[in-house]
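Thanks for coming, everyone. Please have a look at the chain on the screen. I'll walk you through its fold.

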Amino acid sequence: MRARACIKCREYVLIRPDDPGNMTLISKFEKNHRGHTLITLNFEEIKGTYKKFLTEEEKKASEEKGEKEES
Ligand SMILES: [Zn+2]
């Protein structure tokens with residue numbers, strides 16, 4: 001599997017050619033890391049050392065979920 005990664009922030013997004021929503025996610029990622037060094041590589045190479053890039057929506061969703069789990 002291929003991934004788009006930011007060397008500076010050590011974040012990545014997975015490249016899914018069959019997923020139409022994936023293009024949007026990748027462009028969001030690139031916009032977010034504008035001016036940083038972005039590379040395309042095999043996910044295996046960064047697995048465990050880079051963290052997954054989350055959209056604002058996903059961040060909110062995971063935060064809400066976390067709060068619920070705590071209470
Ligand atoms: Zn970055």
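**The fold, step by step**

The chain has 2 helices and 4 strands. Those are DSSP runs, numbered from the N terminus: H or I over at least four residues for helices, E over at least two for strands. Starting at the N terminus, the order is β-β-α-β-β-α.

Two notes on the source. This is a predicted model, where local features need pLDDT of at least 70 and side-chain atom pairs count only at pLDDT 80 or more, while totals for chains, interfaces and linings use all residues. Numbering starts from 1 along each chain as its sequence is written.

Now the sheet. It is open, with 4 strands in the order E3-E1-E2-E4 and mixed pairing. Strands E3 (38-42) and E4 (51-52) are at the edges with a single partner strand each, so one side of each has no neighbour in the sheet. Pairing here takes at least two bridges found by DSSP.

Take E1, residues 2-6. It runs antiparallel to E3, and 5 bridges join the two. Within that pair, Ala-3 sits opposite Leu-41 of E3.

Next, the helix. H1, residues 20-32, lies across E1, E2 (11-14) and E3. Its angle to E2 is about 160°. Angles run from 0 to 180 degrees between N-to-C directions, with axes as lines fitted to C-alpha atoms, for helices over the stretch in contact. Contact means C-beta atoms, placed from the backbone, within 7 Å.

Finally, the whole chain. Of contacts with a separation of 6 or more, 67% join residues 24 or more positions apart. The C-alpha atoms fill a box of roughly 40 × 25 × 25 Å along the principal axes.

Note on methods. Two residues are in contact if their C-beta atoms, placed from the backbone, lie within 7 Å.
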